[in-house]
Amino acid sequence: MEAPCFVFGVWIVSKLRLVYFKMRALAEAAQLVLWHTKTPYTYEMAWDYFGQPWPEAKGTVPFRQLPMLVVDDQTNIAQSGAVVRFLAELTGLQPDSATQRAEVDAIFEASQEWFNPLNPTVNFAVGDDFATKRDAQLPGLHLRLGDFEKLLAQHDGPFFFGSQPYACDFGVFHHVDLAHFFDPDLLSAYPHLQTFMAAVRGLEGVKDYLAQRPELIGVGTKPELVIDGRPQPTGTMKA
């Protein structure tokens, strides 16, 4: 799959491969950016990409963790934030101003702080462990939701910097979307965030991605992703 890139006045072409696992977590913001900008890529499970189980391949990967974006089959970009920033630059999904780019990055990083323990809890925790972790996280989640609500109110919206979505919008969307597994009424006191979430869902490309991505079921009891019509346990191993 090929994606256009404009560098020093010349269009070049990049082949993009996003490598991750069976979970709805650190690859989501990247995929939202890719689908919204209609940038072709392949999503590959770790065991398929490496041709061996993840524990055996782990030592060959930068920082021994995924996701990883492989560019032109020769450059491996690790760390989810670095992947999203690279894709934002590749696709033109970033402000022209250096100061505003820093503001975008600050909001994105604030959303990334939710990764642990929110993502692991939703994707893996069950029973009393899930309930305990959910209840412990909700107060902190609401503090950050209040921060996001105030930031959204500073512009006409519906996104953090007005009518144009940037990388930060996709990072926040993923984590707020995931937190709804804790409480379906999570945003009842946050009207700006409600508008924001609806706006991201309605973006060209995003609504198509959300409609076709594997459904996450059994959260809190038996977490599974429905892939090609078959529920499969979330995790880092091939079923």
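The second largest pocket of this predicted model has a volume of about 290 Å³. Of the 19 residues lining this pocket, Leu26, Gln65, Leu66, Pro67 and Phe115 lie closest to its centre. Helix 4 and helix 6 each supply at least two residues of the lining, and helix 6 gives the most, with 5 residues. Sorted by class, the lining of the second largest pocket comes to 11 nonpolar, 7 polar and 1 charged residues.

Let's stay with helix 6 for a moment and follow it to helix 7. The axes of helix 6 (residues 115–124) and helix 7 (residues 127–152) come within 10 Å and cross at roughly 150°. Their crossing is left-handed. On the helix 6 side, the contact is made by Pro117, Leu118 and Thr121, while helix 7 brings Phe130, Lys133, Arg134 and Gln137. These contact residues divide into 3 nonpolar, 2 polar and 2 charged.

How many cavities of 30 Å³ or more does the structure hold? There is 1, and about 30 Å³ of space lies in this largest cavity. Its lining is made up of Ala25, Leu26, Ala29, Ser80, Val84, Phe108, Gln112 and His174. Helix 4 (80–91) and helix 5 (98–112) are the elements that give two or more residues to that lining. By class, the cavity lining has 5 nonpolar, 3 polar and no charged residues.

The next stop is the largest pocket, with a volume of about 370 Å³. Its lining has 19 residues, and Gln31, Tyr43, Tyr209, Arg213 and Pro214 lie nearest the centre. Helix 1 (28–36), strand 3 (42–45), helix 10 (206–212) and strand 7 each give two or more residues to this lining. The classes here are 11 nonpolar, 3 polar and 5 charged residues.

Strand 7 (residues 224–227) and strand 8 run antiparallel and are joined by 4 bridges. Which residue of strand 8 is the bridge partner of isoleucine 227? The partner is arginine 230.

Terms used. Residues are numbered from 1 along each chain as its sequence is written. This is a predicted model: local features need pLDDT of at least 70, side-chain atom pairs count only at pLDDT 80 or more; totals for chains, interfaces and linings use all residues. Side-chain values use heavy atoms; hydrogens and water are left out. Axes are lines fitted to C-alpha atoms, for helices over the stretch in contact, and angles run from 0 to 180 degrees between N-to-C directions. A crossing is left-handed if the near helix is turned anticlockwise from the far one by less than a right angle, and right-handed if clockwise. Contact means heavy atoms within 4.5 Å. Ala, Val, Leu, Ile, Met, Phe, Trp, Tyr, Cys and Pro count as nonpolar, Asp, Glu, Lys and Arg as charged, and the others, Gly among them, as polar. Two strands pair if DSSP finds at least two bridges between them. On a 1 Å grid over the protein atoms alone, a cavity is a set of points where a 1.4 Å probe fits but cannot get out, and a pocket is an open set with protein on both sides within 12 Å along at least five of seven lines; lining residues have an atom within 4 Å of a point. Grid points are joined across faces, edges and corners, and a volume is the space filled by probe spheres set on the points.
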